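Here are some notes for a first reading of the model below. Please keep the structure open while going through the points.

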Amino acid sequence: MRGRKHEEIRAERDAILAQITERFYGEGVEEIKSFLPNEFHTAGFKNVALAYLGKSLMLLADADVAVFVQGYAEARGCRIEHEAAVAYGVERVYV
């Protein structure tokens with residue numbers, strides 16, 4: 001998500017959620033809000049990116065399904081989230 005505008009990220013997430021809902025699950029899909037653009041910027045962490053990754057992994061622990069978008073392997077945080085999903089048996093969907 002680095003270098004992208006918040007509006008662009010939200011629009012892409014909304015489109016993906018609609019696609020996943022229609023294609024796989026129908027009604028009743030609940031998105032875990034893992035896009036937290038301002039949560040840690042003023043918290044004083046030495047490594048803000050790592051704080052966000054930690055929060056994302058905590059949210060993944062409550063997920064029934066993790067969605068990975070084309071290009072996820074190019075982003076270090078997404079690769080780590082994917083490895084965690086595989087290692088801990090979280091169902092994965094690729095779009």
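1. Start with Tyr25. This is a predicted model, and in it Tyr25 touches Ile20, Val65, Glu91 and Val93, once residues up to four places away in sequence are set aside. Tyr25 belongs to helix α1, which covers residues 6–25. Is Tyr25 buried, partly exposed or exposed? Its relative accessibility is 35%, so Tyr25 counts as partly exposed.

2. For orientation, the protein chain has three helices and two strands. Along the sequence they follow the pattern α-α-β-α-β. The protein chain has 95 residues, and 24% of them are buried. Among contacts between residues at least 6 apart in sequence, 57% join residues at least 24 apart.

3. Ile20 is one of the residues that Tyr25 touches, and Ile20 also lies in helix α1. The relative accessible area of Ile20 is 4%; buried means under 20%, so Ile20 is buried. Leaving out residues up to four places away in sequence, Ile20 touches Tyr25, Val67, Val93 and Val95. Ile20 and Val67 are 47 residues apart along the chain, yet 8.5 Å separates their C-alpha atoms.

4. Glu91 is another residue in contact with Tyr25. Glu91 is part of strand β2, residues 91–94. With a relative accessible area of 42%, Glu91 is partly exposed. Its contacts beyond four places in sequence are Tyr25, Asp64, Val65 and Ala66. Between the C-alpha atoms of Glu91 and Ala63 there are 8.7 Å, although 28 residues separate the two along the chain.

5. Now the helix pair. How do the axes of α2 and α3 cross? Helix α2 (residues 48–60) and helix α3 (residues 76–87) have axes that come within 10 Å and cross at roughly 30 degrees. Angles under 35 degrees count as roughly parallel, and therefore α2 and α3 are roughly parallel to each other. The crossing of α2 past α3 is right-handed. On the α2 side, the contact is made by Ala49, Leu53, Ser56, Leu57 and Leu60. On the α3 side, it is made by Arg76, Gly77, Ile80, Glu81, Ala84 and Ala85. Sorted by class, this contact has seven nonpolar, two polar and two charged residues.

6. The spacing of such contact residues can be read with a general rule. An α-helix has 3.6 residues a turn, so residues three or four places apart point the same way.

7. The length of α2 can be checked. At 1.5 Å a residue, its 13 residues should span 18 Å, and the end C-alpha atoms are 18 Å apart, so the two values agree.

8. Which residues of α2 are buried? They are Ala51, Tyr52, Leu53, Ser56 and Leu60. The elements that cover these buried residues include β1 (65–68) and α3. Leu53, Ser56 and Leu60 also take part in the contact with α3.

9. Last, His82 sits in helix α3. Its relative accessibility is 13%, so His82 counts as buried. Apart from neighbours within four places in sequence, His82 is in contact with Phe68, Tyr72, Arg92 and Tyr94. The C-alpha atoms of His82 and Leu60 are separated by 9.9 Å, with the two residues 22 apart along the chain.

Technical notes:
Residues are numbered from 1 along each chain as its sequence is written. This is a predicted model: local features need pLDDT of at least 70, side-chain atom pairs count only at pLDDT 80 or more; totals for chains, interfaces and linings use all residues. Side-chain values use heavy atoms; hydrogens and water are left out. Axes are lines fitted to C-alpha atoms, for helices over the stretch in contact, and angles run from 0 to 180 degrees between N-to-C directions. Helices (H or I, at least four residues) and strands (E, at least two) are DSSP runs, numbered from the N terminus. Angles under 35 degrees count as roughly parallel, over 145 as roughly antiparallel, 65 to 115 as roughly perpendicular and the rest as oblique. A crossing is left-handed if the near helix is turned anticlockwise from the far one by less than a right angle, and right-handed if clockwise. Contact means heavy atoms within 4.5 Å. Ala, Val, Leu, Ile, Met, Phe, Trp, Tyr, Cys and Pro count as nonpolar, Asp, Glu, Lys and Arg as charged, and the others, Gly among them, as polar. The expected span of a helix is 1.5 Å times one less than its number of residues. Buried means under 20% relative accessible area, exposed over 50%, partly exposed in between (1.4 Å probe, protein chains only).
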